[in-house]
Amino acid sequence: MDSKINKADAELQKLISEKRIKDDDDKKVASEVFDDKTLKTLYKLANQNYLDILNGAISTGKEANVLKGIKDDGSIIAVKIYRITTSDFKKMHYYIDGDPRFNVKSTNKRQLIKAWVNKEYRNLNRLYENGVNVPKPIVALDNVLLLEFIGNDQGEPAKTARYDPPEDPTDFYERLLLEMDRFINKSNLIHGDLSTFNIMNFNQNPVIIDVSQSVVRDHPIAKELLLRDIKNISTEFNKLGVQTSESKIKDYLNLKI
Ligand SMILES: Nc1ncnc2c1ncn2[C@@H]1O[C@H](COP(=O)(O)OP(=O)(O)OP(=O)(O)O)[C@@H](O)[C@H]1O
Ligand SMILES: [Mg+2]
């Protein structure tokens, strides 16, 4: 590789790890998960004033890391970074192929992740505009997605309903049904991985997250995903003591499947 590029990357890495990434834990995360290209992407976002400092990991998942970002006005945003090395490309193809909004013939991993992140951005945008309680998307660039931070003013992120079960499960479930109705019937999307792992409990209100795999309703796998989502919600909320069933959910959502 061109030594000039190498040198620039090294400087960039230094800049970001020393000045823009705050504590030692984050530096560890940064050096372990961010390759030079990702650092460059973060640097670009910083230069475009979308982000000033990375401050704290919220979650380290199988394929993505979610971190807290701080803007220069002090406001907090969520920074979701897909790792190139551990992404499941087979899965990505499974959900992207057949979606008329994306034409990904390429087998290039970066291209595929870029399309995947873009898909999450576009899905969030469509949901947000249709009034679904989702984090408002800010911008997508390569493998990085910036979105509204769901948490309190002290910077503590809300937890998912899995780890912070609702105080009144029936009330929470009824609110969730309203969100599902807007998601499915108004936005014409199917989540595809709906469970309490991907529903945050924000002051006892459901906020739906993680929509990269969500597909349009006429996608060839939409029905299969919808049935699975309904099954998950029915099972999980039953366990929390809510009187529900798959057919009750289908009736509420007016689904003839
Ligand atoms: N906008 C947000 N504000 C605050 N916390 C968030 C936000 N988005 C995600 N999180 C936190 O990060 C976690 C992971 O996010 P998400 O579900 O979108 O990623 P993921 O695709 O499941 O990652 P992986 O599959 O690699 O584990 C969530 O469970 C939640 O705790
Ligand atoms: Mg998730």
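Hi everyone. By a salt bridge I mean a side-chain nitrogen of Lys or Arg within 4 Å of a carboxyl oxygen of Asp or Glu. Please keep in mind that this is a predicted model.

With that in hand, let's start with Arg110 and Asp35, whose side chains meet in a salt bridge at 2.8 Å, N to O. Arg110 sits in helix H5, while Asp35 is in the loop between helices H2 and H3, so this pair ties together parts that are 75 residues apart in sequence. Arg110 is partly exposed, at 32% relative accessible area, and Asp35 is partly exposed too, at 26%.

A search of the whole structure turns up nine salt bridges. Another one joins Asp210 and Lys80, with the closest N and O atoms 3.2 Å apart. Here Asp210 comes from the loop between strands S9 and S10 and Lys80 from strand S3, 130 residues apart. Buried or partly exposed: which is Lys80? Lys80 is buried, at 10%, whereas Asp210 counts as partly exposed, at 22%.

For a local example, look at Arg175 and Asp171, with closest N and O atoms 2.8 Å apart. Both lie in helix H6, four residues apart, about one turn of the helix. Salt bridges with shared partners also join Lys80, Glu120 and Asp210 into one network.

Now over to helix H4, where Phe89, Met92, Tyr95 and Ile96 are buried. Down the helix axis they fall within an arc of 125°, so they line one face of H4. Those buried residues pack against helix H5, strand S10 and helix H7. At the start of H4, a side-chain oxygen of Asp88 comes within 3.3 Å of the backbone nitrogen of Lys90. Thanks, everyone!

Methods. Residues are numbered from 1 along each chain as its sequence is written. Chains are lettered from A and ligands numbered from 1 in the order in which they are written. This is a predicted model: local features need pLDDT of at least 70, side-chain atom pairs count only at pLDDT 80 or more; totals for chains, interfaces and linings use all residues. Side-chain values use heavy atoms; hydrogens and water are left out. Buried means under 20% relative accessible area, exposed over 50%, partly exposed in between (1.4 Å probe, protein chains only). Helices (H or I, at least four residues) and strands (E, at least two) are DSSP runs, numbered from the N terminus. The arc is that of the directions from the helix axis to the C-beta atoms. Contact means heavy atoms within 4.5 Å. A polar contact is a pair of N or O atoms within 3.5 Å; within protein, one must be able to donate a hydrogen and the other to accept it, and residues adjacent in sequence count only if both atoms are side-chain atoms.
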